Every structure is written in C-alpha cells, then in structure tokens.
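Please consult the sequence and the structure shown here.

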Amino acid sequence: MQFRTASISVRLATIVLAAIAVLVTSLASETSVLSDLIRKARRDQIEAVVESAQSMVSGLIQRAEKGEMTTEAAQAAAKAALGSIRYGQGGYIAVLSFDHKLLVHGANPQIVGRDDKDTKDQNGIYFTREQVKGAREHG
C-alpha cells in the first residue's frame, strides 16, 4: 500500500512514529553530548583543585626553604590543608607516597598511614599501584 492511498489514520500514525523516531535519535545524541560536557566539567574542576593544592604546597615548601618554618611544620600544614579540601559533591583529596602509604585522606582521616599497595577496587584492580605508577611516569 502506498502512503497516498492509505487511510488518514495510517498516515497520521506513520507521521507520528517517524517524529518519535527522530525525537529519540535526537535525544540520544543530545544525551551523549551532555554526558561528555559533564565529564569534561568534572575533569576541569578536579584539575583546578589539584593546581590550587599544588600551589599551596609549593608555597609551604618555599617557606621551609627560606627558614620561615621547619620542614616538619610545612609538611604538617600541607597535610592539614589538603585533608580539609572539599569540592563538588563529595570530592576530597587523598595523597599517596611512592611506597603506597596514605599520607592524606580527606574523607577518612583514620586510615592515614595505611599501606594501600594491596588494596583492590571492586573490579579487582590494584588502584593505588596504578595511581603511583601514573605519578611516577607523568608527574
């Protein structure tokens, strides 16, 4: 049956179904774009937080190098400041040493000092090993 000879109800149903298909396709595309934008905004937010934290720690290092404070005092101040940083919805800073020891954990200060070398995530990945490896390779 051709569209021209179809009944009005069949023609209307065809037009409505075509419009729905276009709408669903458009919505799927927009959802993908929106998801990418949200991911980029989150990444940008984290980068800004990390840059601010690095700047703050660099300032403390400089003060220790000038003799304005001891190295231990600078380290303690850095740990306290980093541990208090919050961003977004539940974001916090955690700092690992190259030997996988937790130096700062903003969400759970009770675990500071723990060796996380053998800690796995829900997928069985040694995530701190990956983080330390990335830090060694990329700074």
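A residue is called buried when its relative accessible area is under 20%, exposed when over 50%, and partly exposed in between, with a 1.4 Å probe and protein chains only. By that criterion, V49, A53, L60 and A64 are buried in α1. The buried residues of α1 pack against α2 and β1 (86–87).

The model is predicted, and local features need pLDDT of at least 70, side-chain atom pairs count only at pLDDT 80 or more, and totals for chains, interfaces and linings use all residues. Residues are numbered from 1 along each chain as its sequence is written, and side-chain values use heavy atoms, without hydrogens and water.

Helices (H or I, at least four residues) and strands (E, at least two) are DSSP runs, numbered from the N terminus.

| Helix | Residues |
|---|---|
| α1 | 8–65 |
| α2 | 71–84 |
| α3 | 127–138 |

After α1 comes G67, with a positive phi near 85 degrees.

Helices α1 and α2 pack at about 165 degrees, their axes 9 Å apart; axes are lines fitted to C-alpha atoms, for helices over the stretch in contact, and angles run from 0 to 180 degrees between N-to-C directions. The two helices are therefore roughly antiparallel, a term for angles over 145 degrees.

In contact terms (heavy atoms within 4.5 Å), T128 of α3 touches L96, H100, D116 and K117, leaving aside neighbours within four places in sequence. T128 counts as buried, at 1% relative accessibility.

Terms used:
Angles under 35 degrees count as roughly parallel, over 145 as roughly antiparallel, 65 to 115 as roughly perpendicular and the rest as oblique.
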